[in-house]
Amino acid sequence: MGLYKRLTISQKQIVWAWGLLALPILFYVVVRFYPTANAIALSFQEWNLLGSRSWIGFENYTKLFSDPVFWKVFANTFIYLLLGTPTSLVVAFLIAYHLDKLRFMHGTIRALYFLPFMTTAVAMAWVWRWFYQPVPIGVFNNFLATLGIAQIPFLNSTTYALPSVLAPAIWAGLGFQVIIFMAGLRAIPQTYYEAARIDGITTWETLTEITLPLLKPTIVFLVVFSSIGFLRIFDQVFNMTTNDPGGPLNSTKPLVLMIYDTAFNSFDMGYAAAQTVVLFSVLLVVSLVQLRIMRDN
Amino acid sequence: MTTVVLKNLVKAYGNTQVLHGIDLEIKSGEFVVLVGPSGCGKSTTLRMIAGLEEVTSGEIQIGGNLVNDLEPKDRDIAMVFQNYAIYPHMTVRKNIGFGLRTSKLSKTERDQRIDEVAAILELTNLLERKPNQLSGGQRQRVAMGRAMVRNPSAFLFDEPLSNLDAQLRTQMRLEIKKLHQRVGNTIIFVTHDQVEAMTMADRIVIMKDGVIQQVGTPLEVFYQPANTFVARFIGAPSMNMLNGEVGGEDLQLDNGTRMSVPLNKLSKGQKITVGLRPDDLLVKENEGLFSGKVSLVEPLGSDTLAYVDVNGTEVIAKASGRFPPAIGDRVNLHSAAENIHLFDSNTGEAIQ
C-alpha cells in the first residue's frame with residue numbers, strides 16, 4: 001500500500017486503467033487473437049480435425065483459386081453485398097424519412113419495423129421458405145395464381161434463388177437501419193429546414209443539399225455495418241435451402257457457407273482456414289475502402 | 001420598404017390559446033423589438049409573420065398584402081435564427097448564397113451580391129471557410145449575411161444574440177443597429193433581454209401571456225410604463241413596488257410608512273401601488289419620503305445599490321459609489337415627485 005500511495009495521481013490512473021483493461025485484453029488474446037493467428041497458420045497446413053497438422057505451403061490457396069466453385073461463391077458473396085446494401089439502405093431511408101414526419105401511430109409502426117430484427121433468423125428463414133413454396137402452400141405463388149400469373153420457382157431457380165434468399169435478410173435488418181436513420185434525422189436541427197423554407201428551397205433540394213449531407217456519418221456507419229452483414233450472410237441461406245445448402249448449382253452459396261461445408265462436411269480444416277483468411281481480407285479491404293471514400297474531407 | 005400589420009392575431013394549439021388577439025402596426029423601415037418573458041408568445045408571433053406557424057385567426061399583412069396563406073418564401077422576408085441555422089457542410093460563400101438559389105440572378109450577379117454582403121459584414125476573408133472554423137460572432141454574421149443577400153423587405157430576428165457571450169452580444173447589438181441605419185429595412189426583433197430591446201428598438205412591444213402590454217418608444221416604456229408588469233420588466237434592477245392606500249392627505253403604505261405625494265386624480269381609500277426605480281430612489285442624509293435600515297450593499301463602482309428594509313419591506317435604492325452606507329445604517333430615501341409612478345393595485349394599470 002505504501003508503494004501505491006507514493007504514486008502521483010496520473011500514475012495511479014494508469015495503474016487502474018491497466019488493471020481494469022487487463023481482463024478484457026487477456027480474454028481477447030485467448031479467444032480472438034490466438035485463434036485468428038492459428039487460423040492463418042492452419043491455412044498453410046493440412047488437417048482433418050483428428051490427425052496431426054502438416055505444413056503444405058500455399059497448396060490450399062492454389063487449390064482455392066483454381067476451384068470454380070470458389071469463384072462462383074465469391075461472385076455470389078459480392079452480389080449479396082452489391083444488391084443488399086444499397087437496397088436495404090434506400091428502403092430503410094425512405095421508411096425513416098416518412099415515418100419521421102408521421103405522428104399518428106408512430107410508435108406502433110416503428111415497433112412493427114423493428115420486430116423482424118428481434119426475431120431469430122432461423123425461424124424467419126423457415127417462414128419465408130414457406131412463403132416461397134408453390135401453390136397451394138406458398139403465399140406468393142397463391143397470390144400470383146389468383147391474378148392468373150405464372151408460378152415463380154423462387155428457391156428452385158438459379159436466377160431467382162439468390163434474390164429470394166436476400167429478401168428476408170434485407171427485411172430482417174430493416175428495423176435496425178430505420179431506427180438508426182431516424183436517430184440521425186432527429187439530430188438535424190429543425191431550424192435548418194425552417195431556414196430552407198424561408199429561402200424557398202424545394203423539398204428535393206432540401207433532401208439532397210441539407211438532409212443527406214448532414215446524415216453522412218449515419219450513412220457511413222450503416223454502409224459499413226450492413227456491408228459486413230451481407231458479406232457474412234449465412235443463416236438465411238443455410239435455413240432456406242437445407243436440403244441442398246447453397247441452392248441449385250450453388251446459385252445462392254456465399255463464402256461463409258462454403259467454409260462451413262469444407263470444415264464440417266469435408267473436414268478439410270486447412271482448406272477451410274484458407275477460405276476464412278480470404279473472407280477476412282475481403283471484409284477488411286471493403287471496410288477500409290468504404291471508410292476512405294466516405295470520410296470527411 | 002414594407003409595413004407589417006397584425007390584426008387581432010390569434011394562435012391556438014388545440015384548445016390552448018397562446019396568443020389572444022395581437023394588434024400591431026409596424027411602419028416601413030422601423031426597428032421593432034418584441035420583448036417579454038419566455039412563454040409570452042413573442043417567438044410565436046414572429047414565426048407566424050415568417051409563415052412557419054399557421055394563423056388560427058386574424059390577419060397578417062406585409063407590404064399591404066394579406067399573407068395568411070402564403071408560403072414563407074413568398075412573403076419577401078428573411079429570418080435569422082437563435083442557433084443561426086447555417087449549414088455545417090457548406091462554406092460561408094455557399095451558406096450566404098443558399099438563399100439566392102431560387103432567384104433569377106445569373107452566376108456572376110449572384111457572386112457579386114455575395115461579395116457585397118460579405119464586405120458589409122466583414123466576412124470577405126472568411127468566404128471559403130466552413131462554419132466550424134468560425135467564432136460565434138462570425139457565425140452570427142454569416143446568418144445575417146444569408147438573410148441580407150436576398151434583400152428582403154423585412155428582416156425577422158429570433159433571439160439572435162442569446163448564444164453569444166456578454167461582450168460579443170454588446171458588440172453585435174451595435175452592429176445590427178448600424179446595419180439597420182445603413183440598409184433601412186423593416187426589422188422585427190425578438191428577445192427576452194430588456195437591455196437589447198431598449199438599446200436597439202425604435203419601438204418596443206412588451207408582451208406577457210400572449211397579450212401586448214404596451215407599445216412605445218424605449219423612453220415611453222421606461223418613463224411611462226402602462227402597468228406594473230411593464231414597470232418591473234423594463235429597467236434593471238427592477239422597480240420597487242410598495243402597496244398602500246390613499247389617505248386624507250398622504251399615502252399610507254401597508255408597512256405603516258406614510259408618504260406624501262400629489263393626490264390629485266386619486267380618491268380617498270383607493271388601493272394604490274407606488275413604483276420607484278432604484279435609480280430614482282436616492283439615499284439622502286436629511287430629506288426623504290421614508291427611512292429604513294440598510295440590510296445589504298452591492299458596490300457597482302460608480303454607484304452602490306443599497307437594499308433597505310423599510311418596516312419589513314425591502315426596497316433597492318441608489319447610494320454614492322465612493323461613500324456607500326454601511327450595513328445597519330439608518331438612511332433616508334428620497335425621490336423626485338416626477339419619478340414616482342402610481343398604479344391601481346386592483347388592475348395594475350398606471351394612473352397618469
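1. **Overall picture.** Please keep in mind throughout that this is a predicted model. Chain B contains eight helices and 20 strands. Its C-alpha trace spans about 75 × 45 × 35 Å along the principal axes. Chain B has 352 residues, and 40% of them count as buried. Looking at contacts in chain B between residues at least 6 apart in sequence, 64% join residues at least 24 apart.

2. **Domains of chain B.** Five residues from domain 1 of chain B and five residues from domain 2 of chain B make up the contact. On the side of domain 1 that touches domain 2 in chain B, the residues are two nonpolar, two polar and one charged.

3. **The four-stranded sheet.** In chain B, four strands make an open antiparallel sheet with the order 2-1-4-5. Strand 2 (16–26) and strand 5 of chain B are the edge strands, each pairing on one side only. Strand 1 of chain B is joined to strand 2 of chain B by eight antiparallel bridges, and B:Leu6 stands opposite B:Leu24 there. Strand 1 (residues 4–13) also pairs with strand 4 (residues 57–62) of chain B, antiparallel, over five bridges; here B:Val4 has B:Ile62 as its bridge partner.

4. Strand 4 and strand 5 (residues 65–66) of chain B run antiparallel and share two bridges. In strand 5 of chain B, B:Asn65 is the residue opposite B:Ile62. The two strands form a hairpin with two residues between them, and B:Gly63 in the turn has a positive phi of about 60°.

5. **Helix 4 of chain B.** This helix (residues 136–148) has 13 residues and reaches 18 Å from first C-alpha to last, close to the 18 Å expected at 1.5 Å a residue. Its buried residues in chain B include B:Gln140, B:Arg141, B:Val142, B:Ala143 and B:Met144. Among the elements of chain B that cover the buried residues of helix 4 are strand 6 (77–80), helix 3 (107–120) and helix 5 (166–183).

6. **An exposed leucine.** Helix 5 of chain B holds B:Leu174. Why does B:Leu174 count as exposed? Because B:Leu174 has 12 C-beta neighbours inside 10 Å, and a residue with 12 or fewer is classed as exposed. From B:Leu174 to B:Val190 the separation is 16 residues in sequence and 16 Å in space, C-alpha to C-alpha.

7. **Nonpolar cores.** The largest nonpolar core has 98 residues, and B:Val33, B:Met79, B:Ala143, B:Leu156, B:Ile188 and B:Ala317 have the most contacts inside it. Domain 1 (4–233) and domain 2 (240–344) of chain B both contribute residues to this core, so it lies between them. Leaving aside residues up to four places away in sequence, B:Ala317 touches residues including B:Pro278, B:Leu281, B:Val308 and B:Leu333. A second, separate core of 44 residues includes A:Ala92, A:Leu166, A:Val237 and A:Ala273.

8. **Contact between the chains.** Chain A gives 13 residues to the contact and chain B gives 16 residues. On the chain A side, helix 9 (190–199) and helix 10 (203–214) are the elements that give two or more residues. Helix 9 of chain A gives the most, with seven residues. The chain A side divides into eight nonpolar, two polar and three charged residues.

9. **Cis peptide bonds.** Most residues other than glycine have a negative phi, and most peptide bonds are trans. The bond from A:Val135 to A:Pro136 is cis, with omega near 5°; A:Pro136 sits in the loop between helix 6 (121–131) and helix 7 (139–147) of chain A. B:Ala236 and B:Pro237 are also joined by a cis peptide bond, with omega about -5°.

10. **Positive phi values.** B:Tyr84 has phi near 70° and lies in the loop between strand 6 and helix 2 of chain B. B:Tyr84 counts as buried, with 23 C-beta neighbours inside 10 Å. B:Asn311 has phi near 50° and is partly exposed, with 13 other C-beta atoms within 10 Å.

Terms used
Residues are numbered from 1 along each chain as its sequence is written. Chains are lettered from A and ligands numbered from 1 in the order in which they are written. This is a predicted model: local features need pLDDT of at least 70, side-chain atom pairs count only at pLDDT 80 or more; totals for chains, interfaces and linings use all residues. Two strands pair if DSSP finds at least two bridges between them. Two residues are in contact if their C-beta atoms, placed from the backbone, lie within 7 Å. Ala, Val, Leu, Ile, Met, Phe, Trp, Tyr, Cys and Pro count as nonpolar, Asp, Glu, Lys and Arg as charged, and the others, Gly among them, as polar. The expected span of a helix is 1.5 Å times one less than its number of residues. A residue is buried if 20 or more other C-beta atoms lie within 10 Å of its own, exposed if 12 or fewer, and partly exposed in between; C-beta atoms are placed from the backbone. A nonpolar core is a set of buried Ala, Val, Leu, Ile, Met, Phe, Trp, Tyr and Cys residues joined through C-beta atoms within 7 Å. Domain bounds come from an automatic or database domain assignment.
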